[in-house]
Amino acid sequence: MAVKHWLIKSEPDVFSIHDLAKAKGRRTNWEGVRNYQARNFLRAMRQGDRCLFYHSNADPPGVAGVVEVVREAHPDPTAWDAKSPYHDPKASPDNPVWSMVDVQLLEVFPREVPLDELRQVKALAGMELLRRGSRLSVTPVTPAEFRAIVKLATSR
DNA sequence: GCCAACGTTGGC
DNA sequence: GCCAACGTTGGC
């Protein structure tokens with residue numbers, strides 16, 4: 001099965017790609033996804049898939065690097081942790097509801113590719129991220145889109 | 001801080 | 001099942 005590509009969002013004030021670079025093993029649980037469509041994309045991820053790491057709610061927002069899926073979807077225990085900001089009263093160990101994957105840092109781009117620059121690239125015109133009103137924190141990315149963004153990050 | 005877009009909730 | 005109210009996301 002071919003490697004698939006995705007884009008995952010994180011607010012750098014909460015967890016940035018630089019936090020991931022400092023994390024043990026440069027890996028982390030991608031916890032806190034609380035949207036069913038995004039969760040289903042997480043569940044479709046396979047070991048070895050590549051994800052663009054996007055900084056949302058940042059100045060400027062943009063793509064900061066690439067991570068690899070190192071563990072496929074498993075229950076997200078923050079869902080039934082009453083002290084977690086991601087707590088969901090519907091969830092329990094018997095009924096986890098929410099999933100997370102584990103990701104490992106592959107590359108911090110030599111420069112972040114800002115959102116306004118992505119919008120100017122024809123090859124990216126169909127990207128989910130660029131759709132008006134798009135809020136999904138996990139989205140699929142085509143191989144061509146993935147390549148185009150890596151190229152933007154490593155040129156200029 | 002504003003607000004458009006979208007998802008979820010809950011009354012009916 | 002409809003839909004109004006409400007909450008959240010995230011760019012600006």
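This note goes through the DNA contacts and some of the salt bridges of a predicted model.

1. Because the model is predicted, local features need pLDDT of at least 70 and side-chain atom pairs count only at pLDDT 80 or more, whereas totals for chains, interfaces and linings use all residues. Residues are numbered from 1 along each chain as its sequence is written, chains are lettered from A and ligands numbered from 1 in the order in which they are written, and side-chain values use heavy atoms, with hydrogens and water left out.

2. Around DNA strand B, with a heavy atom within 4 Å of the strand, are Asn 35, Tyr 36, Lys 90, Arg 131, Arg 132, Gly 133 and Arg 135. On the base side, a polar side-chain atom of Arg 135 lies 2.7 Å from a base oxygen of DNA strand B.

3. The whole structure holds six salt bridges, each a side-chain nitrogen of Lys or Arg within 4 Å of a carboxyl oxygen of Asp or Glu. One of them joins Arg 27 to Asp 102, with the closest N and O atoms 3.5 Å apart. Arg 27 is partly exposed at 35% relative accessible area, while Asp 102 is buried at 7%; buried means under 20%, exposed over 50% and partly exposed in between, with a 1.4 Å probe and protein chains only.

4. Another salt bridge pairs Arg 34 with Asp 76 at 3.1 Å, N to O. Here Arg 34 is partly exposed, at 26%, and Asp 76 is buried, at 0%.

Methods
A polar contact is a pair of N or O atoms within 3.5 Å; within protein, one must be able to donate a hydrogen and the other to accept it, and residues adjacent in sequence count only if both atoms are side-chain atoms.
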